[in-house]
Amino acid sequence: MIINTGMRTDIPAFYSEWFVNRIRAGFVLVRNPYRPDRITRYELNPDVVDCLAFCTKNPAPMLKYLDELKVYHQNWFVTITPYGTDVEPNVPQKENVMRDFITLSETLGADCVGWRYDPIFIDGTYTLERHISDFEQMCKTLSGYTKVCVISFIDLYEKVKRNFPQARAVTQQERITIGKAFAEIGRRYGITIKACAEGDDLASYGVDCGGCMTQQTFETAIGSNLKVPKRKSQRAECACVLGTDIGAYDTCGHLCRYCYANYNHENVRRNMRLHDPNSPFLMGNLQEGEVIHQAKQESWIDNQMTLF
């Protein structure tokens, strides 16, 4: 199975000490975000956990723990965009994130570290031309250290509309212009562009529209075939292997204006004050009378030999 850490919050950036404490303890407790009384225990054991999947905007706090995590296969996606503190208030400078990206790649290998350039939005500051120019500069820096860059365009969820009211949808023509330009630039630097839940519109321009955190992604990182149980995706247009997230919503301190995982900033500040790095939960602790359900876990690695 795969343990996901990054669909609800940024654990490497803000909770790396807690995560490593859970690795040392050998288990983690997770509340269902829609039914908080539903608590699941996941064993953190390389016998059943085939890969740790990280999504982050700042891997730096986790770097000192990489040696301790090496008993696990890992797959990282690091988001690096051209936005400044006007949009991403607490994300480190891009040059520093790219430096740490390179450290990850040198430690784990380029097949285990992907780049996310998303969500893409366009306004008077972050124009089409700027996106294309900045993307190429980032490709120059990251070339050889990753083989994949995932793109997506801003989704105007209600949370996003409330926290980022001036954001607008990216037009179809703008999507095509960016997709075509990024695919051409990526080819020059050995980086495949993948689209995240954007349909097949960009496939004819050289963008891989088959998904980003797919079974193949993890098989490449692990170096083995996987027998992944069939499960219903969170979104009909998504082909990714997304279950088993151990994070919690309203806990990411980056406070990006386009964020879909935070309802509002006050919720985040309150929840972060509740964080205990020694708790089995990311937020809070077990309350009297609460029942813990043990997750059914098994390795998905297919050990059968294949003849070609």
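Tutor: What follows is a set of questions about labels and the values behind them.

Tutor: This is a predicted model, in which local features need pLDDT of at least 70, side-chain atom pairs count only at pLDDT 80 or more, and totals for chains, interfaces and linings use all residues. Residues are numbered from 1 along each chain as its sequence is written, and side-chain values use heavy atoms, with hydrogens and water left out.

Student: Why is D250 called buried?

Tutor: Buried means under 20% relative accessible area, with a 1.4 Å probe and protein chains only. D250 has 13%, so D250 is buried.

Student: What makes the phi of D250 worth a remark?

Tutor: Phi is positive there, about 60°, although D250 is not a glycine. D250 sits in the loop between α9 (215-222) and α10 (265-273); helices are DSSP runs of H or I with at least four residues, strands are runs of E with at least two, and both are numbered from the N terminus.

Student: How do you know that L255 is buried?

Tutor: Its relative accessible area is 11%, and the limit is under 20%, so L255 is buried. L255 also lies in the loop between α9 and α10, and its phi is positive, near 60°, in a residue other than glycine.

Student: Which peptide bond is cis?

Tutor: The bond joining D118 and P119 is cis, with omega about -5°. P119 belongs to strand β6 (residues 113-120).

Methods:
Buried < 20%, exposed > 50% of the residue type's maximum accessible area, 1.4 Å probe, protein only.
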